[in-house]
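I opened the notebook to look up how the chains are built.

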Amino acid sequence: MNRFVSAALAVAATAAFAGGAQAQTGLLAQVKSRGQLICGVGPGLAGFGIPDAQGNWSGLDVDLCRAISAAVFNDPAKVKFIPLSSKDRFTALQSGEVDLLSRNTTWTMSRDTSLGLNFAGVNYYDGQGFMVRKKLGIDSALKLAGASVCTQQGTTTELNLADFFRANKLKYEVVAFASADETIKAYESGRCDAFTTDASGLYAERLKLGVPTDHIVLPEIISKEPLGPVVRHGDDTWLDIVKWTHFAMLNAEELGVTKTNLDEMLKSENPEIKRLLGTEGKFGEAVGLSNDWVVRIVKHVGNYGESFERNVGANSLLKIARGQNALWTKGGLQYAPPIR
Amino acid sequence: MTTIPTEPVQPGKASLLYDPKIRGYVYQLALLAVVGFLIYSAASNAIENLRAQKIASGFGFWHNAAGFDVNQKLIPFSASGSTYGQAFWVGLLNTLLVASIGIVLATFLGFFVGVARLSSNWILAKIAMVYVEVIRNLPLLLQLFFWYNAVLKPLPNPRQSIELPAGILLNNRGLYLPDPQLEPGGSLIVLTFLLGLVGAITFRYWARKQQEATGKQYPVGWIALGLVVVLPFFVYLLMGRPITFIYPELAGFNLRGGIQIFPEFVALLVGLTTYTAAFIAEVVRAGILAVSKGQSEAAHALGLRPGATLKLVVIPQAMRVIIPPLTSNYLNLTKNSSLAVAIGYPDLVQVFTGTVLNQTGQAVEVVAITMAVYLTISLVTSLFMNIYNKRMALVER
């Protein structure tokens, strides 16, 4: 009996006081002692986060995880990728199953304020669009009156879709699926006339279709979808690390620091480059990293532009133009605060 | 020598500590306290952690605007103005719809297959056996994918709908039935039908009493058919056919008008029904085999035909064995309906723990509500089945 009571009390104590311990040591220290970063990524969206036949993950969102791993461990491979569906992603992050979420997640006010999460920036500016079969012969989303539309549930897409048809006073039928794969399969089999998700996703999912050229993306972009990495509330250092890893990749591109010219750049006399690469100042230490953190990121992953072209741009199957995602100096929206 | 009379020591009076009754209470109370403390600390820990992480908590979201749409809804629901609370009811009703229809169909199919397995007709018995063994041994999720993808999706698009008799159309957006509209006088038909139904039930009750009292049998089936079907039909003709139908027709991408039965619903219903029926068939078979052979032999000796033997002698006795496991199968069917999420049928789990949970981010509350709902549905089902079981139980004299 006594043994039972003490065991029960131990369980109760663990239940009551668990969580307290977690808040005391920062996430960075935990990641370091674990020797691995745990990153929540998409379950398979070409260009953003997808595993190949050997289980190696690649993509724009995956590169951010690799960049953080490179900054912390000087090794881009110390990441454990956890594929998460749209439906499960926030719960997984809230409950501490992943250290950060880097998977096509739209930054909205309610997500930023009521989910106990913080968005750490925007690594891809996107907007929602529609894909239809060419043979339907329509050229505008406004001609979708009465159509059946397939979408993935638990997304801003689901809400924008309702907004768009409501605002334009059009009738439609929504068919919502839990996973992206089921959604595109249902569209392909003819259950729906149109498939909707973020424009980048449309191009990526189109590659999965039997004959991609039979389908067109309609010109309307019906929403703003700033996609970015997300972390939990309460650990500002960790938020800084994720935020500045993204900014570092942008600053590297802006200053022309690439994987190939990194060694020359280390000898550069340009004070901005010197601060970026840690040959001047102690900016890395301020966030608990080493001063050569950006060198590690660029060496292993590259700058933002390199990552973009490799995963979704000209050097990929997707061939998405930089557009809004060009640097601000080139007419785009990607703008990083300076390192100084 | 005098002896000092020693009174026998009463064990209870000596020390409360050694009273087994009191000790029992103390242990019970201690256990209760530990369990209560565990629940309390888990709940308060959860609340505190949610607060510390600034995650919204509480049930205030119930009245917030939902902002999404659902295709199959039994109550009005739209993105403009409906709340998360209404989304909950939409999902719950869809769950109850598929579960209740599924339970009825699975019971009929299960009884038929169960009896067929014991049939003396060799082919029928073997077909029933193959059905049970195949369906019972494949995962339900796989079967749902099969019904949804392999059977329903190859149907033509709305422009090439398959035309079935009576204006029914079938395509990959679902089954479209003509929508009956009541003209003036049409309500009389509905009234006649309802009266006929009440009449048929009353007559059946009366006929049974008569049979118990006098042994005289009445053709209950024919009279019920007359009251429920033929009589309303006469009224229909008499009133000058006051029911018209709106037939589904092609308009734009989809069919317009008519009643649309969604393919997701059909796939889920067919999947759940066939799967559960296989289990019910085995339960029924076990129940029938549990009735001793002497019973049917005695019935045959009395001159009852095989059908009557089954209906009047075997099944009533088998029911006592069948009902408890049948209840579990009903509960399983209801709980399995949550697999709807895989094929896009908007049931409670899909709408509420799917979309609502994700849009509000309040996992703890949403999941707790959903669990409470399934628990309630299951307990209510059990309650009714237990009442039925009591009525069917052997009355011992």
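I started with the contacts in chain B. Among those between residues at least 6 apart in sequence, 66% join residues at least 24 apart. I note that this is a predicted model.

Next I looked up the overall form of chain B. Its radius of gyration is 29 Å, whereas a compact globule of 397 residues would have one near 21 Å. The C-alpha trace of chain B spans about 115 × 75 × 45 Å along its principal axes. I counted twelve helices and eight strands in chain B. Of the 397 residues in chain B, 30% are buried.

Then I turned to the domains of chain A. Domain 1 covers 13-125 + 227-330, and domain 2 covers 128-223. Their centres, taken over C-alpha atoms, lie 30 Å apart. The contact between them draws 16 residues from domain 1 of chain A and 14 residues from domain 2 of chain A. On the domain 1 side I found nine nonpolar, six polar and one charged residues.

Last came helix H7 of chain A, residues 156-167. How far does H7(A) reach from its first C-alpha to its last? The span is 16 Å, close to the 16 Å expected at 1.5 Å a residue. Nine of the twelve residues of H7(A) are buried. Among them are Leu159(A), Leu161(A), Phe164(A) and Phe165(A), but also Glu158(A) and Asn160(A). The cover over these buried residues includes strands S8, S9, S10, S11 and S13 of chain A, together with helix H11 (348-360) of chain B. Just after H7(A), I noted that Lys169(A) takes a positive phi of about 55 degrees.

Methods
Residues numbered from 1 in each chain as written. Chains lettered and ligands numbered in written order. Predicted model: local features only at pLDDT ≥ 70, side-chain atom pairs only at ≥ 80, totals over all residues. Domains from an automatic or database assignment. Contact = placed C-beta atoms within 7 Å. Nonpolar A, V, L, I, M, F, W, Y, C, P; charged D, E, K, R; others polar. Helix = DSSP H or I, 4+ residues; strand = E, 2+ residues; numbered from the N terminus. Rg over C-alpha atoms; globule rule 2.2 N^0.38 Å. Buried ≥ 20, exposed ≤ 12 C-beta atoms within 10 Å, placed from the backbone. Expected span 1.5 Å × (residues − 1).
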